[in-house]
Amino acid sequence: MPQPTEERWKQIANDFWTNWNFPNCIGALDGKHVTIQAPPNTGSNFFNYKKTFSVVLLALVDVQYNFIAVDVGAYGKNSDGGILAHSNLGKSLENDSLNISKDEFLPGTTISAPYVILGDEAFPLKTYLKRPYPGKQLDDSLKRIYNYRLCRTRRVVENCFGILAQKFRVYNRRIQSKPENVDYIILSTCVLHNFIKKYNNSVTENFQNMNDIPRAAAVDEV
C-alpha cells in the first residue's frame with residue numbers, strides 16, 4: 001500500500017470528478033467496526049456504541065474501491081475523528097507530508113481550491129477534509145446540493161467495506177483472537193483486497209486465452 005505520488009493524487013482526483021462529479025477529491029474516508037471477542041482485562045476500551053466489542057478499521061479509499069491508506073487497531077469506544085487525529089494518516093495530513101499539491105483550479109473555472117478528502121459528520125471540518133452541512137443549514141438549496149454530491153461520492157468507502165466483507169467472510173462473524181492478531185488479519189485482508197482488484201482482470205484474461213488454445217497445441221506446448 002505505497003504512498004501515492006503527486007501524479008497519482010491528481011489521477012485519483014480526476015477519477016472522482018469523472019465518475020462522481022465532485023472536484024478536487026482525493027479520497028473517501030470512514031471507519032468500520034470489526035467485531036471481536038471481548039479481550040480479557042480491557043474493561044470497556046473495545047466496547048462501542050453498537051453494544052459490541054470491536055477494533056476500528058479507518059480507511060481512505062479511491063474511486064476504484066482500492067485502499068489508499070488504512071489505520072487499524074483503535075479501540076471501539078473511540079470516535080472516527082479522534083482516531084484520525086491520532087493516526088499516522090491524520091498527522092501526515094496535518095503536516096502536509098503526503099505529496100499532495102496545494103491547490104488546483106476547479107474544473108471549467110478560474111477558482112483555485114485545495115484537494116480534499118470526504119468524510120461524514122463524525123469528522124471535523126478541515127482545509128483538507130470536507131463533511132456535510134448540518135441539518136439546520138439545509139434551507140439553502142446550494143447547501144443541499146453540496147450535501148447530496150458529497151454524500152453520494154463518500155459512499156465509495158462504504159461500498160468498499162461491503163466488498164471487503166463479502167470477499168473475506170471473517171468479517172461476517174465475531175473474530176475470536178487477540179486484538180494484536182486481529183490487527184494483522186485486517187491489514188492482510190486490505191492488502192489482499194488491493195492485490196486481487198489489481199490482478200484479477202489480468203488473471204481472468206490469461207485463463208480465457210488458455211481456453212482459446214486448441215487442446216493438442218496446449219499439450220504440445222507443455
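Five strands form an open sheet in the order β3-β2-β1-β6-β7, with mixed pairing. The edge strands are β3 (67-75) and β7 (129-130), each pairing on one side only. Two strands pair if DSSP finds at least two bridges between them. Helices (H or I, at least four residues) and strands (E, at least two) are DSSP runs, numbered from the N terminus.

This is a predicted model: local features need pLDDT of at least 70, side-chain atom pairs count only at pLDDT 80 or more, and totals for chains, interfaces and linings use all residues. Residues are numbered from 1 along each chain as its sequence is written, and side-chain values use heavy atoms, with hydrogens and water left out.

**Sheet pairing**

- Strand β1 (residues 25-35) pairs with strand β2 (residues 54-61) in the antiparallel sense, over 8 bridges.
- Within that topic, H33 has V56 in β2 as its bridge partner.
- β2 also pairs with β3 in the antiparallel sense, over 7 bridges.
- L58 stands opposite D71 in β3.
- The hairpin of β2 and β3 has 5 residues between the strands, and Y65 there takes a positive phi near 65°.
- In a regular strand the side chains alternate between the two faces of the sheet.

**Helix across the sheet**

- α4 lies across β1, β2, β3, β6 (116-118) and β7.
- α4 runs at about 50° to β1. Axes are lines fitted to C-alpha atoms, for helices over the stretch in contact, and angles run from 0 to 180 degrees between N-to-C directions.

**The loop from α4 to α5**

- V170 sits in the loop between α4 (141-167) and α5 (179-212).
- V170 has a relative accessible area of 19%, so it counts as buried. Buried means under 20% relative accessible area, exposed over 50%, and partly exposed in between (1.4 Å probe, protein chains only).
- Neighbours within four places in sequence aside, V170 is in contact with I175 and I185. Contact means heavy atoms within 4.5 Å.
- V170 and S97 lie 73 residues apart in sequence and 34 Å apart in space, C-alpha to C-alpha.

**Helix α5**

- T189 belongs to helix α5.
- T189 is buried because its relative accessible area is 6%.
- T189 is in contact with L164, F168 and Y171, leaving aside its neighbours within four places in sequence.
- Y199 also has its place in helix α5.
- Y199 has 36% relative accessibility and therefore counts as partly exposed.
- L192, F195, I196 and Y199 make a nonpolar surface patch of about 350 Å².
- Patches are made of residues with over 30% relative accessible area and no salt bridge: like charges are joined within 9 Å, nonpolar side chains (Val, Leu, Ile, Met, Phe, Trp, Tyr) within 5 Å. A salt bridge is a side-chain nitrogen of Lys or Arg within 4 Å of a carboxyl oxygen of Asp or Glu.

**The chain as a whole**

- The secondary structure comes to 6 helices and 7 strands.
- Along the sequence, the pattern is α-β-β-β-α-α-β-β-β-β-α-α-α.
- The C-alpha trace spans about 70 × 55 × 35 Å along its principal axes.
- The chain has 222 residues, of which 38% count as buried.
- Of the contacts between residues at least 6 apart in sequence, 59% join residues at least 24 apart.
- The chain exposes about 13,100 Å², and carbon and sulfur atoms supply 52% of that area. Accessible areas come from the Shrake-Rupley method with a 1.4 Å probe; for residues, only the protein chains shown count as cover.
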